[in-house]
Amino acid sequence: MAAQETSQSATFRYAFGNVLSFSVLLLIGVMAFSIRLFSVIKYESVIHEFDPYFNYRVTQFLTKSGVYDFWNWFDDRTWYPLGRVIGGTVYPGLTLTAGALWRILNSVNIPLSVETVCVFTAPVFSAFASWATYLLTKEIKGPGAGLTAAALLAMVPSYISRSVAGSYDNEAVAIFALIFTFYLYIKTLNTGSLFYATLNAIAYFYMVCSWGGYTFIINLIPMHVLLCIVTGRYSPRLYIAYAPLVVLGTLLAALVPVVGFNAVMTSEHFASFLVFIIIHVVALVYYIKGLLTPQMFKVAVTLVVSVGMILCFAVLAVLIALVASSPTKGWSGRSLSLLDPTYASKYIPIIASVSEHQPPTWPSYFMDINVLAFLVPAGIIACFLPLSDASSFAVLYIVTSVYFSGVMVRLMLVLAPAACIMSGIALSEAFDVFTRSIKFHLLGVTQNPQDNAGDTTNVTQNDVKSEKSEDTIKERPSRKSKKKEKENTEKPSLVSRVEKKLLVLPLETSVIAVFLLVLLGAFYVVHCVWAAAEAYSAPSIVLTSRSHDGLHVFDDFREAYAWLSHNTEVDDKVASWWDYGYQTTAMANRTVIVDNNTWNNTHIATVGTAMSSPEKAAWDIFNSLDVKYVLVVFGGLVGYPSDDINKFLWMVRIGGGVFPHIKEPDYLRDGQYRIDSQATPTMLNCLMYKLSYYRFVETDGRGFDRVRNTEIGKKHFKLTHFEEVFTTHHWMVRIYKLKSPRNRIRGKTKKSKSQKSVSSTSSKRSGTTKKNPWQ
Amino acid sequence: MGRSATTKDAHALFHSLRSAYAATPNQLKIIDLYILFAVVTAVIQVAYMAIVGSFPFNSFLSGVLSCVGTAVLAVSLRIQVNKDNKEFKDLPPERAFADFVLCNLVLHLVIVNFLG
């Protein structure tokens with residue numbers, strides 16, 4: 001009777017716990033979605049930044065033309081005259097996801113536009129990501145830690161920064177795919193079920209489709225398998241978790257056109273193959289060990305070791321020779337710059353120039369993961385008591401992601417889920433100890449004899465486990481914590497039973513500690529909401545500033561693109577620096593020369609050289625590329641700091657990397673970059689200077705540049721080969737047209753065709769000879 | 001002297017391996033035969049590629065990986081069905097076989113797609 005009652009009350013408790021955790025998860029999803037809506041409320045439902053515009057354009061094409069045309073799409077509106085094979089160079093996961101969402105919604109008669117679906121894809125998938133974090137942390141520690149980690153991930157600023165409403169970029173779905181793949185891997189590892197291994201491979205396929213960061217998964221999982229083998233935790237479940245993933249995963253990765261044969265040929269994947277071989281060797285060894293007697297096994301070992309070593313060395317030597325024969329040892333440029341942070345700045349200036357690829361500063365850690373930064377070490381310790389396969393994976397994940405986040409600021413995003421998992425575990429364990437102490441002190445005296453009888457058969461671990469699960473379901477670092485009293489009356493006997501084994505803290509300490517932890521959670525929440533609202537919600541296509549006479553809105557970019565789309569021919573080519581390529585093709589619908597994909601360094605160097613050359617030479621270069629309009633971004637009138645003059649030195653460096661007649665010291669006076677009267681003549685005569693500051697002196701009479709905080713050097717000059725056709729309201733975007741060549745050339749002209757190749761043209765150019773750099 | 005000792009050891013090892021393996025149940029021996037067949041097919045394919053050349057590479061890759069994949073999946077099935085494995089004693093062998101079939105379906109769908 002008593003046993004039946006306790007089992008009934010136990011099921012009731014479980015049911016209540018399940019309903020409670022389900023509703024908490026629902027609320028966490030809603031919060032993850034809503035906290036990312038600040039930009040939509042403050043500005044409008046618009047796509048942000050640069051890369052999302054490309055994804056938006058691709059999604060538009062997908063929804064209009066269907067999957068087959070998208071898969072085979074060759075885009076001739078960018079990288080003129082080279083074009084770009086979109087089908088083969090884009091990670092299709094994001095666009096296919098958004099396209100599928102749009103299709104489904106439209107088929108149930110919810111007529112959302114493609115733009116709305118694109119803008120809101122990221123918040124929806126961040127809700128999914130927090131649910132995936134719950135599942136993953138539940139596998140590692142338990143449901144309480146899972147709820148905590150999910151709540152932390154829903155709000156962590158680092159993830160918010162790349163997934164606000166409007167930030168339609170690969171990371172929006174890739175982080176969800178990452179966490180979900182890890183969850184399925186850990187689930188397979190814990191259960192040993194081939195079904196979850198299949199699901200794991202499919203989730204990995206989705207990750208490969210979504211983001212180039214999938215190489216993190218295919219290197220982390222082999223590292224973990226190796227760690228398990230080396231620490232003696234090999235088990236058949238490990239084999240089932242890893243081996244099918246490698247085979248299926250490699251095949252599925254090779255299916256994606258962007259990856260293709262790189263899945264078997266680049267060094268980024270070799271770790272998985274190496275560990276694949278190692279795990280087979282280990283599995284064979286264990287199998288034979290099971291077959292033979294110990295003494296026979298020793299004989300076998302000595303025999304095999306001597307023969308096998310020779311074979312192993314031979315194969316390894318061949319492999320090393322193969323890999324060493326390629327100049328980058330088989331790694332791609334971006335991966336190499338992760339392993340050797342100085343690589344990019346030495347060899348590939350384009351990778352070094354992207355602001356997201358710089359190492360982060362120390363304050364950015366506190367800004368991006370806030371309180372979690374010092375909860376992570378506590379979580380690492382909690383993972384060691386006790387250490388299981390899953391918790392060793394979590395420790396490995398956090399350690400590697402901390403290293404990579406230190407190399408590139410963009411990879412703080414990969415650190416965020418790991419930090420949330422660790423902090424969730426730490427907080428959950430801490431709450432566990434404190435509430436257990438409180439319960440013991442409040443109720444430890446009263447014992448129920450019937451309960452005692454029912455529980456004597458339990459093994460001690462069951463006690464600890466069931467008690468923990470009861471407590472942890474209720475505990476999380478919520479802004480409002482209460483309602484533990486409901487639980488208190490139900491399990492006093494177990495508390496008394498386990499108090500011999502577990503340490504218990506004094507009552508006052510526990511109460512104050514719980515209160516302080518809740519306060520910590522409150523600070524975290526306040527910081528996250530502030531970061532989401534103030535720091536990460538700017539669409540950067542629309543700028544605002546507050547002054548004494550109210551709010552100013554700078555909509556110059558869209559003004560310029562609208563002008564381009566209404567006042568130029570459809571086939572006109574527009575040249576600008578590569579930052580604005582995606583936006584120009586998406587919003588202005590004009591062909592551009594270079595864009596943010598930056599796959600062709602020489603083409604970008606050509607544009608950079610043109611911007612750094614005097615007017616005539618620049619006109620020649622642009623004319624050879626059929627360019628009609630040139631677009632520059634200028635922030636000197638309003639104080640917009642990310643304009644082309646500030647980026648100009650990168651143009652010089654990249655151009656100089658391919659065309660040696662452009663030398664960076666020519667543009668610097670005493671090693672300093674200046675545009676005032678002390679600037680070098682090369683700088684004052686280059687195209688970028690002229691196009692940015694043409695007629696600038698007319699604005700205030702002195703030509704005071706608000707970004708560089710000086711007056712400009714050359715104030716009154718005319719343009720000979722370009723004419724200004726449009727300048728936006730705040731002078732932020734300036735569009736110039738190439739003047740057609742004159743019909744009649746005055747004076748003597750030397751029509752000598754010089755046979756010199758491009759890279760060896762001399763730096764001195766005479767004014768009358770037409771030195772076309774392409775002849 | 002050492003030579004004969006090692007060869008004697010090798011013989012003894014070989015015999016004990018053989019006798020221990022003969023004791024495995026027939027079910028598992030069938031699976032082992034299937035694994036051997038898959039591996040031999042993979043080796044034949046690699047040898048063919050070495051003679052004829054690797055174009056088209058995707059067909060070669062999908063062929064070899066299908067053999068390796070079925071071998072790996074068969075090993076996983078053997079692990080789950082083997083009665084000596086205490087970790088899997090709660091798993092009914094029908095469930096293990098159903099998982100095996102599902103995983104093979106996914107694998108072969110991908111193979112056929114990638115074969116070209």
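Buried means under 20% relative accessible area, exposed over 50% and partly exposed in between, computed with a 1.4 Å probe on protein chains only. By that criterion, Asp75(A) and Arg57(A) are both buried. The model is predicted: local features need pLDDT of at least 70 and side-chain atom pairs count only at pLDDT 80 or more, while totals for chains, interfaces and linings use all residues, and side-chain values use heavy atoms, with hydrogens and water left out. Residues are numbered from 1 along each chain as its sequence is written, and chains are lettered from A and ligands numbered from 1 in the order in which they are written.

**Confidence**

- The predictor assigns the complex an ipTM of 0.93 and a pTM of 0.84.
- Chain B has a mean pLDDT of 88 (pLDDT being the predictor's confidence in each residue, from 0 to 100), and 95% of its residues reach 70 or more.

**Contact between chain B and chain A**

- Chain B contributes 37 residues and chain A 33 residues to the contact, where contact means heavy atoms within 4.5 Å.
- About 3,000 Å² is buried between the two chains, and carbon and sulfur atoms give 83% of that area; buried area is the accessible area (1.4 Å probe) that two parts lose on being put together, summed over both.
- Between chain B and chain A there is 1 salt bridge, defined as a side-chain nitrogen of Lys or Arg within 4 Å of a carboxyl oxygen of Asp or Glu.
- Glu87(B) and Arg237(A) form a salt bridge through their side chains, at 3.4 Å from N to O.
- On the side of chain B that touches chain A, the elements giving two or more residues are α1 (2-22), α3 (57-81) and α4 (93-115) of chain B. Of these, α3(B) gives the most, with 14 residues. Helices (H or I, at least four residues) and strands (E, at least two) are DSSP runs, numbered from the N terminus.

**Salt bridges within chain A**

- Over all chains, the whole structure holds 27 salt bridges.
- Asp75(A) and Arg57(A) are joined at 2.9 Å, N to O. Asp75(A) belongs to strand β1 (residues 74-75) and Arg57(A) to helix α3 (residues 51-65) of chain A, so the pair ties together parts 18 residues apart in sequence.
- Lys187(A) and Glu139(A) meet in a salt bridge at 3.3 Å, N to O. The former lies in helix α10 (residues 171-191) and the latter in helix α7 (residues 114-140) of chain A, so parts 48 residues apart in sequence are tied together.
- Lys187(A) counts as buried at 17% relative accessibility, and Glu139(A) is buried at 16%.
- Arg708(A) and Asp643(A) pair at 2.9 Å, N to O, and both are buried.
- Arg162(A), Asp169(A), Glu171(A) and Arg410(A) are joined into one network by salt bridges that share partners.

**A buried charge without a salt bridge**

- Asp595(A) sits in the loop between β6 (591-592) and α31 (601-612) of chain A.
- Asp595(A) is buried but has no salt bridge, and Arg84(A), the nearest side chain of opposite charge, is 4.7 Å away. Lys and Arg count as positive and Asp and Glu as negative, with His and the chain ends not counted.
- The side chain of Asp595(A) makes a polar contact with that of Thr78(A), at 3.3 Å.

Conventions. A polar contact is a pair of N or O atoms within 3.5 Å; within protein, one must be able to donate a hydrogen and the other to accept it, and residues adjacent in sequence count only if both atoms are side-chain atoms.
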